[in-house]
Amino acid sequence: IAIAAGVVAAGVLIYKNWDKIKAGAQALAQKVGAKWTEMKTKVATTAENIRKSASEKFDAAKKKVGDAVTNIKSSVSEKFNSAKTTVANAASNIQSNVSAKFNSAKTTVANAASNIQNSISTKFNTAKTKAQTAFSGIATTVSTKLSNARSQASTIANGICDKMSTAFNSAKSKVGSIFDSIKSKIQDKINSAKDAVSNAVKKIK
């Protein structure tokens, strides 16, 4: 009941002072609206200023980054082109040096091979000449020794033949003499026997 009475009293009080409350509420609303508008304007201005500043800073940073990237790109491109030129020159120099050294080595090898071939040919010809000379000398020596040996053999054979002939003739003469002596003795015996038989026969008659 007390609460209801309080609510009723408050309602009556509000009703009696409604115009004042309404006017105060309108004034408050106007003040709040003005403050809100002012605050909104300030916030919008501040936000726009922040946006502009951020955009300007972003554009400046973007430009700096773009300039830096362009500079880096140009520097890298220049360094790359310089390095490429250096590498190309070095490769060309290496190729030239290698080609020159290869040609020099090829010429050296060709000269060495030619010298070796000439040396071998010279030594072979020298050895061939020496061998021919040696074989010729050996052939001459062998031929001379064979001739000497053949002459000596012929002389020895002739001497042997002469000695054999002399010995044979001497032996033949001795054998003939012996046979003649034996024959003479046999003949003497036969003659003696014949004489003895003849004498015996004569005695018997």
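In this predicted model, the side chain of Thr41 has a polar atom 2.7 Å from the backbone oxygen of Thr37. Thr41 is located in helix α2. With a relative accessibility of 43%, Thr41 is classed as partly exposed, because that value falls between the 20% limit for buried and the 50% limit for exposed.

**Salt bridges**

Side chains of opposite charge can pair when their charged atoms come close. With a cut-off of 4 Å between a side-chain nitrogen of Lys or Arg and a carboxyl oxygen of Asp or Glu, the model has three salt bridges.

| Glu38 | Lys42 | 3.4 Å |

Glu38 and Lys42 are both part of helix α2, which covers residues 18–204. The two are four residues apart, or about one turn of the helix. Glu38 has a relative accessible area of 39% and is therefore partly exposed.

Glu48 and Arg51 also both lie in helix α2, with a spacing of three residues, again about one turn. Both partners are partly exposed: Glu48 has a relative accessibility of 30%, and Arg51 has 48%.

Asp67 is partly exposed at 35% relative accessible area, whereas Lys63, at 53%, counts as exposed. The two fall into separate classes because the boundary between partly exposed and exposed is set at 50%.

**Nonpolar surface patch**

Which residues form a nonpolar patch on the surface? The patch consists of Leu28, Val32, Trp36, Met39 and Val43, and their accessible area together is about 520 Å². One of these residues, Val43, is placed in helix α2.

**Chain as a whole**

How many helices and strands does the chain have? The chain has two helices and zero strands. One of the helices is α2, with residues 18–204, and the chain itself has 205 residues.

What share of the residues counts as buried? The figure is 0%, where buried requires a relative accessible area under 20%. The chain has an accessible surface of about 17,800 Å². Carbon and sulfur atoms account for 65% of that surface.

Technical notes:
Residues numbered from 1 in each chain as written. Predicted model: local features only at pLDDT ≥ 70, side-chain atom pairs only at ≥ 80, totals over all residues. Heavy atoms only, no water. Buried < 20%, exposed > 50% of the residue type's maximum accessible area, 1.4 Å probe, protein only. Areas by Shrake-Rupley, 256 points an atom, 1.4 Å probe, with all protein chains shown as cover. Polar contact = N/O pair within 3.5 Å; in protein donor to acceptor, adjacent residues only side chain to side chain. Patch = residues over 30% accessible without salt bridge, like charges linked within 9 Å, V, L, I, M, F, W, Y side chains within 5 Å.
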